[in-house]
Amino acid sequence: MKILLATDGSKSSEAAVQNIAARPWPAGSAVKILAVVEMHLTPTPGSWLVPDSHYLKLLHELQERARVAIEQAEAVLQATPLQVSSDIVIGNAKSTILKQAEDWAADLIVLGSHGHGVLERVLIGSVSQAILAQAHCSVEIIR
């Protein structure tokens, strides 16, 4: 079985990691830990309001946060018989998770739910709801 674990280091993502680690999986199962670095603000050419260095610093901080999230998940999953790999990708979280799952031929996508309210879902969208609605494979959302 191939399990794609999408993590952002949040409490709900940590719960998803613990859930995977606690369950028995068929022999030879693999888990791919994916952290997506999503830049909500992108620099525009010739922008004089925010210097390019600000965006580079923000990107570096988000990549570091993703690296830490992956390392924490790897530490938990090392104690399991699962084959563990990981990847950090820059892009839109929803489309990147869906594409990675399809390209890797995942059997299951596991991710945490932040439990945002209605207003937050309308403004920023729900990654877990989009994955659930559009994935080609089974999806498990952990609260």
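This is a predicted model: local features need pLDDT of at least 70, side-chain atom pairs count only at pLDDT 80 or more; totals for chains, interfaces and linings use all residues.
Let me begin inside helix H2, where Glu 64 and Arg 67 sit three residues apart and are therefore separated by about one helical turn. Helices here, like strands, are DSSP runs numbered from the N terminus, a helix (H or I) having at least four residues and a strand (E) at least two. Residues are numbered from 1 along each chain as its sequence is written, and side-chain values use heavy atoms, with hydrogens and water left out.

Back to that pair: the side chains of Glu 64 and Arg 67 meet in a salt bridge, at 2.2 Å from N to O, where a salt bridge is a side-chain nitrogen of Lys or Arg within 4 Å of a carboxyl oxygen of Asp or Glu. Arg 67 also forms a salt bridge with Glu 71, the closest N and O atoms being 2.5 Å apart, and these two residues of H2 lie four residues apart, about one turn of the helix.

Elsewhere in H2, which covers residues 52-77, Glu 61 and Lys 57 are four residues apart and so separated by about one helical turn. Their side chains meet in a salt bridge of 4.0 Å, N to O; Glu 61 is partly exposed at 36%, whereas Lys 57 counts as exposed at 54%. By the rule given, the count comes to five salt bridges.

Let me turn to helix H1, residues 11-22, which has twelve residues and reaches 16 Å from its first C-alpha to its last, close to the 16 Å expected at 1.5 Å a residue, the expected span being 1.5 Å times one less than the number of residues. Which residues of H1 are buried? They are Ser 12, Ser 13, Ala 16, Val 17 and Ile 20, and, seen down the axis of H1, the buried residues fall within an arc of 150°, so they line one face of the helix; that arc is taken from the directions from the helix axis to the C-beta atoms. The face of H1 turned away from the buried side carries the exposed residues Lys 11 and Ala 22.

Finally, the sheet: five strands form an open sheet in the order S3-S2-S1-S4-S5, with parallel pairing, two strands being paired if DSSP finds at least two bridges between them. Strands S3 (83-90) and S5 (138-142) stand at the edges, each with a single partner strand, so one side of each is left without a neighbour in the sheet. Strand S1 (residues 2-6) and strand S2 (residues 30-37) pair in the parallel sense over five bridges, and the bridge partner of Leu 4 in S2 is Lys 32.

Methods. Buried means under 20% relative accessible area, exposed over 50%, partly exposed in between (1.4 Å probe, protein chains only).
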